[in-house]
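Here is a short note to read beside the model. Please keep the 3D view open and go through the points in order.

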Amino acid sequence: MSEQSINRRILALAVPAFAALVAQPLFLLADTAIVARLGTEPLAGLGAGATVTSTLVGLMVFLAYGSTAVVARLLGAGQRTKALELGIQAMWLAVGLGVVLGILTWLASPWLLTWLGATGEVHAQALSYARWSLPGLPGMLLVLAATGTLRGLSDARTPMVLAISAAAVNVVLDLVLVFGVGMGIGGSGAATAIAETGMGVTAAWVVRRGGRRAGASMAPTVTGMRSSLVVGGPLLLRTVTLRAALVLTTWVAAGKGAAALAAHQVTWNIWGFLNFALDAVGIAGQTLIGLALGAGAIAQVHALVRRMLWWSLGSGVALGAGVIIFRGPLASLFSPDAEVRGGVTSTLLVIGCTLTIAAYVCLADGVLIGAGDGPYLARVGVVNLLVYVPLAFVVARFAPDGTDGLVWLWAAFSIGFMGVRAATLGWRQRGDAWLATGA
């Protein structure tokens with residue numbers, strides 16, 4: 001396979017995946033920009049409230065990643081009907097998990113927000129956002145499972161169209177409900193819930209239509225859903241360790257003051273946006289590596305990894321430079337408060353200088369997920385977290401409040417946590433233990 005052919009295959013999946021991935025953080029970026037006009041306390045409340053919902057969705061991302069890897073392997077091995085059946089079972093599992101987790105979290109959200117460090121008016125604002133957004137959780141998880149199935153089938157265009165459409169709907173609903181109806185921050189949560197539910201239902205309909213054409217079974221089965229859990233279990237543990245690091249980072253930021261937490265919320269969403277963009281090549285890698293290993297084409301796997309590495313590192317350098325250059329205007333876009341803008345400007349400098357590390361992590365993670373190497377990712381996820389926890393607590397204990405403390409926090413996260421992730425992922429790829437072939 002020529003380099004030109006490899007580039008075409010990567011771009012055919014990565015470009016629409018990029019559009020879909022960056023559309024998702026636009027939900028929170030739109031929420032952030034709009035809620036910021038309500039004041040510093042609502043913006044800080046959004047930081048805590050959105051952490052609750054985004055953590056739940058982030059923990060369940062195995063529904064997408066597991067589906068992509070399994071469906072791609074089966075498709076590579078010529079088993080399209082079985083691939084669709086497993087994708088459909090993952091969607092049933094997603095809806096069930098969304099209903100149960102949504103109810104439990106709605107009830108527990110006051111305690112969870114207190115644990116995150118939200119107090120007083122910030123706690124009230126955060127609770128409003130969380131409780132209005134949680135009814136959309138089943139739809140959010142359905143989006144993950146359906147999107148993973150479509151990507152495994154090498155269809156990256158449909159998730160892109162759905163994600164962009166839902167993001168646009170979310171912005172309109174945000175403006176109407178927050179300002180037009182006067183719901184405040186609760187309107188922002190409700191807008192996200194409505195847009196995500198619509199996206200999930202539509203994505204599920206697309207997969208269902210393809211399943212019927214292939215003669216796949218549509219009914220939910222305990223065996224099928226259990227299979228999805230078995231495949232996704234290690235990825236869930238890997239994600240738990242990652243989300244624990246993210247929540248710990250928000251907890252430390254909350255201890256540095258309301259302005260620091262507000263600045264952290266802005267920075268966090270920009271960082272998430274950038275990482276979704278970088279993850280586009282990793283998402284393409286999940287599909288391409290799964291297809292190649294399913295077909296037993298080891299040489300093709302190595303060629304794909306080499307080419308995707310150059311794409312990822314180049315993207316990291318370009319985006320990092322852009323963040324450094326435009327950090328001031330970005331900060332001004334999201335908050336009129338001078339202290340919040342100062343915190344955002346300083347932390348974006350840290351992000352810009354370290355984004356290449358994140359670019360490598362996104363690719364290496366996607367390659368190993370596509371290879372079905374979930375057990376290894378789960379084990380090293382624990383190691384990575386154990387390295388980061390003492391760093392975060394040192395920042396919490398000794399770093400000053402305000403912008404200076406926030407800079408130290410983001411340095412610990414971007415260099416310490418992401419650095420050890422890069423090291424453990426790179427070490428694994430140096431060997432051949434992850435190169436298991438077949439369906």
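Predicted model: local features only at pLDDT ≥ 70, side-chain atom pairs only at ≥ 80, totals over all residues.

1. Salt bridges overall. How many salt bridges does the structure hold? The count is three. Side chains of opposite charge can pair when their charged atoms come close.

2. R238 with D365. These two side chains form a salt bridge, at 2.2 Å from N to O. R238 belongs to helix 9 (residues 222-254) and D365 to helix 12 (residues 338-370), so the bridge ties together parts 127 residues apart in sequence. Is R238 buried or exposed? R238 is buried, because its relative accessible area is 8% and the cut-off for buried is under 20%. D365 is buried as well, with a relative accessible area of 6%.

3. R421 with D365. D365 also meets the side chain of R421 in a salt bridge, with an N to O distance of 3.7 Å. The limit for a salt bridge is within 4 Å, so this pair counts. R421 sits in helix 14 (residues 402-429) and D365 in helix 12, so parts 56 residues apart in sequence are tied together. R421 counts as buried, at 11% relative accessibility.

4. R428 with D373. Here the side chains meet in a salt bridge at 2.8 Å, N to O. The pair links distant parts of the chain, 55 residues apart. R428 is in helix 14, while D373 is in the loop between helix 12 and helix 13 (374-398). Both R428 and D373 are buried.

5. Find D365 in the view: R238 pairs with it, and so does R421.

6. Helix 10 against helix 14. Two packed helices are described by the angle between their axes and the distance between the axes. Helix 10 (residues 258-294) packs with helix 14 at an angle of about 30°, and the axes lie 10 Å apart. That angle makes the two helices roughly parallel. Their crossing is right-handed.

7. Residues in that contact. From helix 10 come A260, A263, H264, T267, W268, W271 and N275. They meet G402, L406, W410, F413 and M418 of helix 14. What classes of residue make up this contact? It has eight nonpolar, four polar and no charged residues.

Notes. Residues numbered from 1 in each chain as written. Heavy atoms only, no water. Helix = DSSP H or I, 4+ residues; strand = E, 2+ residues; numbered from the N terminus. Buried < 20%, exposed > 50% of the residue type's maximum accessible area, 1.4 Å probe, protein only. Axes fitted to C-alpha atoms, helices over the stretch in contact; angles between N-to-C directions. Parallel < 35°, antiparallel > 145°, perpendicular 65-115°, else oblique. Left-handed = near helix turned anticlockwise from the far one by under 90°. Contact = heavy atoms within 4.5 Å. Nonpolar A, V, L, I, M, F, W, Y, C, P; charged D, E, K, R; others polar.
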